[in-house]
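Try each task on your own before you read its solution.

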Amino acid sequence: MGLLWLEGEVSQVGKPTSGHVYFALRDRDAVLPAVMWGRDAQRLRFRIEPGQRLRVRGRLGVYDRDGKMQLYVDFAEPAGLGAEALALDQLKAKLAAEGLFAPGKKRPLPRFPRRIGVVTSVRGAAVHDIIRTVQRRLPTPILLADAVVQGPTAPAQLVAAMAMVVRAGVDVLIVGRGGGAATDLSAFDHERVVRTISRCPVPVVSAVGHEVDLTLSDLAADARASTPTAAAELCVPDRHALAEALVKERRRLDRELRHLVGRAAQDLDRLALRLAAAHPGARIAKRRIDLDALMTRAQAALRRRVQARHAELARLAGKLEALSPLAVLERGYAVVLRDGHVVRDAADVARGDQLRVRLARGELDVERK
């Protein structure tokens, strides 16, 4: 008998170590035993499981030992959902069962990362969005690893790039790409990529596609951003907001110190009045000694508290100043601008171009000869 195409619901699936798949196809009135040899089963993009409705191709034959008719299947596909979509659903369920997407597994992102790792294509728009956003908010060193983000080689390149960045030493890792069709994002649904993100020793921010796109990498990452720009905003705080917070904190500390000093002065006045009303002689002398000791302790405690608060303010202000781009100019560096944009490569400047050189104090207008 020639090739047949049949459609039915899968039941009684058996998968021995040989790799063959034994199952049955049924409809409302009949059940037909079927077998798919291991070499054919390996080509499937999904696993055959009970309850699926499949469309299969094969030949009918008689199994000699039992003398029963069965179908020898060499190809199968889902009758409703596509093979790739079914395979993705099965992988998602498998990884979820292992706990890769559990909320309790998510780690907080560092507040002030010393270095940020970025794994994406250097030719895409995503990397430029990330760099611009980090430099605008709080300039932080970025370690970039180039990787293809779509196509058959993308999963291996993404895994290798993540391993390289982590070995080099980063505090947080951004993995992603710009938007695209759903099929362009399939590399971020690959099992190796998802498992690498899940076991990464540093927190991972996933920035794949746009808000409507959701990949398995997004589910496994510690944080998900809708765009590469949003990922950069998650990784570094806004330096202007930090400066405002420092000013507010200093004002609050000043108010607290004034309040403490006022309270201490009131306590001293109250003790002095009590001493004045006490009997003369030894009792007065003892109270004076107690008052002197109390004043000494109060003054020492106030000095220590004031010094500690001022030291903390100085540390935070110094850290903010060290991160400021102006501090780099104070060390003798300069920023070259053309038409308001930073020039990073001499090859980008032609003869006769008008340039502006920004120094720590003042600016110079120059022309390239």
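## Exercise 1: Val10

Val10 sits in strand β1, which covers residues 4–14. Keep in mind that the model you're looking at is predicted.

**Task.** Work out whether Val10 is buried or exposed, and list the residues in contact with Val10, leaving aside its neighbours within four places in sequence.

**Solution.** 
- Step 1: The relative accessible area of Val10 is 1%.
- Step 2: Buried means under 20%, so Val10 is buried.
- Step 3: With those sequence neighbours set aside, Val10 is in contact with Phe23, Ala24, Leu25, Ile48, Glu49, Pro50, Gly51, Gln52 and Leu54.
- Step 4: Now look at Pro33, which is 23 residues from Val10 along the chain; their C-alpha atoms are 9.9 Å apart.

## Exercise 2: Ser198

**Task.** Find the helix that holds Ser198, then decide whether Ser198 is buried or exposed.

**Solution.** 
- Step 1: Helix α5 spans residues 191–198, and Ser198 belongs to it.
- Step 2: Ser198 has a relative accessible area of 11%, so this residue goes down as buried.
- Step 3: Skip the neighbours within four places in sequence, and you'll find Ser198 in contact with Leu100, Lys105 and Ala220.

Notes:
Residues are numbered from 1 along each chain as its sequence is written. This is a predicted model: local features need pLDDT of at least 70, side-chain atom pairs count only at pLDDT 80 or more; totals for chains, interfaces and linings use all residues. Side-chain values use heavy atoms; hydrogens and water are left out. Helices (H or I, at least four residues) and strands (E, at least two) are DSSP runs, numbered from the N terminus. Buried means under 20% relative accessible area, exposed over 50%, partly exposed in between (1.4 Å probe, protein chains only). Contact means heavy atoms within 4.5 Å.
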